[in-house]
Amino acid sequence: MRRRTFLTLTPSILAQTQALQTANPNIVFILADDVGWGDAGCYGAKSIHTPNIDRLASRGVRFTDAHSTSATCTPSRYAIMTGEYPWRRKDTAILPGDARLIIQPGRTTLPSMLQKAGYATGCVGKWHLGLGSGNLDWNTQIRPGPNEAGFDYSFIIPATADRVPCVYVENGRVAGLDPKDPIRVSYSEPAGNEPTGRARPDLLKVHPSHGHDMTIVNGISRIGYMAGGKSARWVDEDMADTITRKAQTFIDSHRTKPFFLYFGTNDIHVPRVPHPRFRGTSGAGTRGDVMQELDWSVGQILETLDRHNLAENTVVIFTSDNGPVVDDGYQDGAVQTLGDHKPAGPYRGGKYSNFEGGTRVPFIVRWPRHITPGVSNALFSQVDLLASFASLTHQKLDPAAAPDSFDMLPVLTGKSKTGRDYAVEHARVLSIRRGPWKLISKDTGPAVNRNTNTEMGAGLTPQLYNLDSDPGERTNIAAQNPEKVEELTQLLARVSAAAKTRP
Ligand code: NG6
Ligand code: CA
């Protein structure tokens with residue numbers, strides 16, 4: 001008989017969920033950028049020191065099989081915000097900096113759900129989900145954006161640090177903009193006549209390795225062209241300090257009511273430009289240095305919670321939006337200085353890849369007194385955060401909301417070690433996990449990304465791996481296990497064809 005639902009709630013899961021629904025705790029969600037499974041000390045890194053992330057792990061649950069939905073940023077963040085698989089939509093690929101907001105107006109988002117539950121909601125740091133509704137004018141009030149998607153407060157890097165415009169936007173206004181020096185942005189042709197990396201490599205302090213040769217800002221050429229907004233431009237070296245301070249201020253000013261802070265760090269995305277106090281501090285080159293800068297930011301957030309005596313009543317999550325990449329477009333020495341550091345730990349591939357390295361990311365949850373510290377090998381997906389936090393805060397989701405988000409609260413808090421029955425991984429194609437099994441759908445594209453040197457995972461035929469015996473996905477056993485291939489192919493087809501999978 002064909003199964004109709006994808007997950008059944010057993011009485012024991014219900015009881016565990018009820019026990020966790022106490023008074024609404026604060027939620028601090030730290031979403032790092034491009035941090036791999038193996039980049040923090042608590043996940044085995046030796047040449048990079050991350051004492052603050054490790055402290056979080058030693059007092060919380062450290063997941064070994066948690067996943068972003070996708071192997072790149074925009075789709076992965078879309079899933080966290082909406083509880084919907086991004087591959088159900090056409091416009092969720094990596095966005096340029098002038099793209100329109102891809103979160104549909106009025107839909108339930110993680111922050112809008114928490115607003116309903118009485119939370120003050122703040123978004124600080126990387127956004128990369130688009131702004132406005134087409135033909136954006138950066139010199140007026142910018143909307144819709146994070147404030148229309150459920151955040152009371154926002155201070156954002158609009159897209160990525162390697163994309164123009166290189167300015168912060170605070171509650172829909174470019175911060176520090178001089179109206180006499182308006183901003184113009186284009187991704188198709190030069191805006192104004194500011195030098196580009198292509199024409200003036202002599203002006204660069206970091207040179208591109210691929211792409212990234214358009215307008216030069218702060219000695220670094222970016223993706224896209226911008227002119228104007230000189231007084232508002234960020235200084236890459238100060239970015240971690242600037243956004244960490246904003247995140248701390250948000251906590252300071254909302255300490256008396258439940259708050260939700262979404263803190264999207266710029267670290268460790270390219271361009272990797274650590275503040276001088278972190279330069280040369282790790283044993284793994286620039287990439288290691290910005291990882292240690294990220295750890296400092298995490299430490300500052302934890303210290304702020306401690307200072308206000310909020311640690312006990314705050315759920316803190318640390319995770320990443322996709323797997324690691326070493327050369328992502330700048331000659332910053334990361335390849336040459338990596339040493340024996342393994343950014344994806346024992347897993348194959350990385351950012352952009354259908355191998356585990358693409359989406360298997362660090363994931364740590366701390367909530368003192370409510371969760372027992374330990375390690376969880378449960379299969380978990382970030383798409384479940386919306387429904388799990390709805391459950392924590394007693395919010396009933398509309399049937400159409402968060403279509404792929406399951407209530408995994410007992411798993412999130414380490415009470416249950418039984419994770420998802422299956423999880424979909426999204427890169428060039430879709431992969432599906434069930435128990436130890438992983439099926440990677442077939443593809444027609446190249447096996448290795450020539451720019452980043454990433455093994456893309458998908459090949460010309462479907463691949464099947466048993467991750468218990470072969471975590472590094474070395475031996476394709478599809479030919480020996482045709483029933484397993486068939487079962488997972490069918491399951492993936494059902495999940496893809498369904499409008500929703502949430503029970
Ligand atoms: C790619 C960029 C890469 C990075 C990525 C987005 C080139 C050649 N490569 O297109 O440098 O910006 O997009 O990263 O432009 S993500 O983490 O936001 O998904
Ligand atoms: Ca990313």
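Predicted model: local features only at pLDDT ≥ 70, side-chain atom pairs only at ≥ 80, totals over all residues.
Residues are numbered from 1 along each chain as its sequence is written, chains are lettered from A and ligands numbered from 1 in the order in which they are written, and side-chain values use heavy atoms, with hydrogens and water left out.

Student: Which residues coordinate the calcium ion (ligand 2)?

Tutor: Donors are N, O and S atoms within 2.8 Å of the metal (3.2 Å for Na, K and Ca); water is not among the atoms, so sites may look incomplete. Here the donors lie at 2.2 to 2.7 Å from the ion. They belong to Asp33, Asp34, Asp321 and Asn322.

Student: Where in the chain do Asp34 and Asp321 lie?

Tutor: The donor residues follow the spacing D-D-x286-D-N. Asp34 and Asp321 link distant parts of the chain, 287 residues apart. Asp34 is in the loop between β1 (26-32) and α2 (51-58), and Asp321 is in the loop between β13 (314-320) and α7 (334-337).

Student: Is Asp321 buried or exposed?

Tutor: Buried means under 20% relative accessible area, exposed over 50%, and partly exposed in between (1.4 Å probe, protein chains only). The relative accessible area of Asp321 is 0%, so Asp321 is buried.  Asp34, with 2%, is likewise buried.

Student: Which strands stand at the edges of the open sheet of four strands?

Tutor: Helices (H or I, at least four residues) and strands (E, at least two) are DSSP runs, numbered from the N terminus, and two strands pair if DSSP finds at least two bridges between them. The order is β17-β18-β19-β22, with antiparallel pairing. Each edge strand has a single partner, so one side of each is left without a neighbour in the sheet. The edge strands are β17 (423-426) and β22 (463-466).

Student: Which helix packs on this sheet?

Tutor: Contact means heavy atoms within 4.5 Å. The helix touches β17, β18, β19 (437-440) and β22. It is α10 (residues 482-497).

Terms used. Axes fitted to C-alpha atoms, helices over the stretch in contact; angles between N-to-C directions.
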